[in-house]
Amino acid sequence: MNIVITCPQCGAEIDLEEEDTVFRCRYCGSTLKPTGRNQVQSFFISPRQIPQKVGKALVRALKARNPKQLHIAEHYLFYAPYWRVTGMIFQWLFGRKYFRTPDGDKSWKDLKKLRSTPWVHTFPAFDASRWGLFSLGLRAQALKICPFNKQEMGNDSLLVKQTISFREAADHAQRSITKQGSTGSLQVDMATSELVGERYSLLYFPFYYYTLKGNRQKTVLIVDALSHKVIKASVDIDELKTNSLGGKIPYKPLNFIPYNCPNCGWEFSFRPRTMIHFCKSCSRAWQEREGAYVPVSYKISLHDKPAKTHCKYLAFWRLTAVIKTPGREYKTLTDFYDLFPLPRVLDQEALKSRNISFYIPAFRIKNVIIVDKFAARLTQMQPKFTESEPDSVEELDLSDIWLPLKEAKEMAHVLLYSMTKETHKRTKEIVKKAELQFVDTTLLCLPFMEKGIYLREAQTDLALQKNALDLD
Ligand SMILES: [Zn+2]
Ligand SMILES: [Zn+2]
């Protein structure tokens, strides 16, 4: 889905890809950052055709069926708000898979399966009990949307009041993703679903309202102003006129800020898909929040320092957390390895004093299963990195950051399942009830050496297939 925006410098109309975090005008060359993309924003969709034309076609069609003296007595353009939620669903399923052995006996084996699918969902943000269009369906994907602007939507247009709050929309989304039962040969006995990277938008969708008169009869028709199909709906137009929102903006539409480091003024490198911007001049990192840049602290692992420039640095969120269950708190690495044992012998004394860290990839990924396996292994190793605040990032090849901290916390919960063996009954029972309490968070950039089709982390030597990542 593209966002149609007007270049604030030259006035040209430009399409911004939904995920883009930077905007460069094709006409005047200015580079700016659209704000608020990580918050709820309001958009509208322009109607196709003016109401008079649509109305005429409608009357013609009706007359063909029913040749009465029909005419349009009044018409209105109105918009109804829909929630649109997008994200990725991560779902772990644990259970049993039943099958038949070659000699015909019924048998089963423990099964553990990770699914990840992109998720797009639209639903009314108003009382839709008398409404025929419950979802904008797949076409919402192909539509162009514009930042909410009452003037562009039509000064006379009416707005249906939003009654489903953001909180309620988020609950609705959560309920929709957790529906997962057993199917066929698969019996699920433990599952978790997380919606990660979710983005909520309020989309104002256009409708035409017509009152048709003929032979002393009055008919009201509501037409989808995009497809021009009549939909089953009932609208109290007088109530709508009284309660219409007017020019008040429900959620801030997007705005622009300069694409420069707020500390030293240096222009950031043009990386349209990163959430966090590193300044090559003063080495600070920034994230946009509510229209301003806020600093993000990060560290660099110093292993293999002489080869620094030959490495690719991949960013991970390191979340230090306590695993809480109704019966026990898992705080130290001794507790951790009690849950997720390693085959090799560990220095028990050292483990007692160390906290539990989760390593969540913050870079963009293509193959979820491979990257998840890597993150689970890295987390199970609980490595101790020598790290420092960076003095210069000028020469560092840093990956784009796709996953914000809030989402990383959700992924840490998914990682608990990733580390659980399907045959390990006790751990399964504990993980099912576990919650995480985060005590510290750091963005940590780890150096990877390129070797054939792999990238190898310099200190742990853990390998990641290059084609599992989506690097630029
Ligand atoms: Zn421009
Ligand atoms: Zn700077």
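## Terms and overall form

Helices here are DSSP runs of H or I with at least four residues, numbered from the N terminus. One such run is helix H6, residues 333-339, and Phe336 lies in it.

The structure is a predicted model. The protein has ten helices and 25 strands. Its C-alpha atoms fill a box of roughly 90 × 70 × 40 Å along the principal axes. Of its 472 residues, 31% count as buried. Among contacts between residues at least 6 apart in sequence, 71% join residues at least 24 apart.

## The two domains

The protein is divided into domain 1, which covers 51-139 + 148-243, and domain 2, which covers 297-468. The C-alpha centres of domain 1 and domain 2 are 39 Å apart.

Where the domains meet, 13 residues of domain 1 are in contact with 14 residues of domain 2. On the side of domain 1 that touches domain 2, at least two residues come from each of strand S6 (71-100), strand S7 (106-124) and strand S10 (186-214). The residues on this side of domain 1 comprise seven nonpolar, three polar and three charged.

## The nonpolar core

The largest nonpolar core holds 100 residues. Phe78, Tyr79, Tyr204, Phe316, Ile360, Ala362 and Leu415 are the residues with the most contacts inside this core. Domain 1 and domain 2 each contribute at least three residues to this core.

Strand S1 spans residues 2-6, and its side chains alternate between two faces.

S1 pairs with two other strands. With strand S2 (residues 13-17), the pairing is antiparallel and has five bridges. S1 and S2 form a hairpin with six residues between them, and Gly11 in the turn has a positive phi of about 85°. With strand S8 (residues 144-147), S1 runs parallel and is joined by two bridges. Ile3 takes part in both pairings: Ile3 stands opposite Leu16 in S2 and opposite Ile145 in S8.

## A three-stranded sheet

An open sheet is formed by three strands in the order S3-S4-S13, with antiparallel pairing. Strand S3 (23-24) and strand S13 (256-258) each have a single partner strand, so each stands at an edge with one side left without a neighbour in the sheet.

Strand S4, residues 31-34, pairs with S13 through three bridges in the antiparallel sense. Within this pairing, Leu32 has Pro258 of S13 as its bridge partner.

## Helix H8

Helix H8 consists of 14 residues, 368-381. At 1.5 Å a residue H8 should span 20 Å, and because its end C-alpha atoms are 20 Å apart, the two values agree. After H8 comes Gln382, whose phi is positive, near 45°.

Which residues of H8 are buried? They are Asp372, Phe374, Ala375, Ala376, Leu378 and Thr379. The buried residues of H8 pack against S7, strand S20 (356-361), helix H9 (405-418) and strand S25 (463-465).

Leaving aside neighbours within four places in sequence, Phe336 is in contact with Tyr330 and Ile356. Phe336 and Lys451 are 115 residues apart in sequence, and their C-alpha atoms are 32 Å apart.

Leu398 lies in strand S22, residues 397-398. Why does Leu398 count as buried? Leu398 has 22 C-beta neighbours inside 10 Å. Its contacts, apart from neighbours within four places in sequence, are Phe278, Tyr313, Val393 and Cys445.

Key:
Residues numbered from 1 in each chain as written. Chains lettered and ligands numbered in written order. Predicted model: local features only at pLDDT ≥ 70, side-chain atom pairs only at ≥ 80, totals over all residues. Core = buried A, V, L, I, M, F, W, Y, C linked by C-beta atoms within 7 Å. Buried ≥ 20, exposed ≤ 12 C-beta atoms within 10 Å, placed from the backbone. Domains from an automatic or database assignment. Contact = placed C-beta atoms within 7 Å. Nonpolar A, V, L, I, M, F, W, Y, C, P; charged D, E, K, R; others polar. Pairing = 2+ DSSP bridges. Expected span 1.5 Å × (residues − 1).
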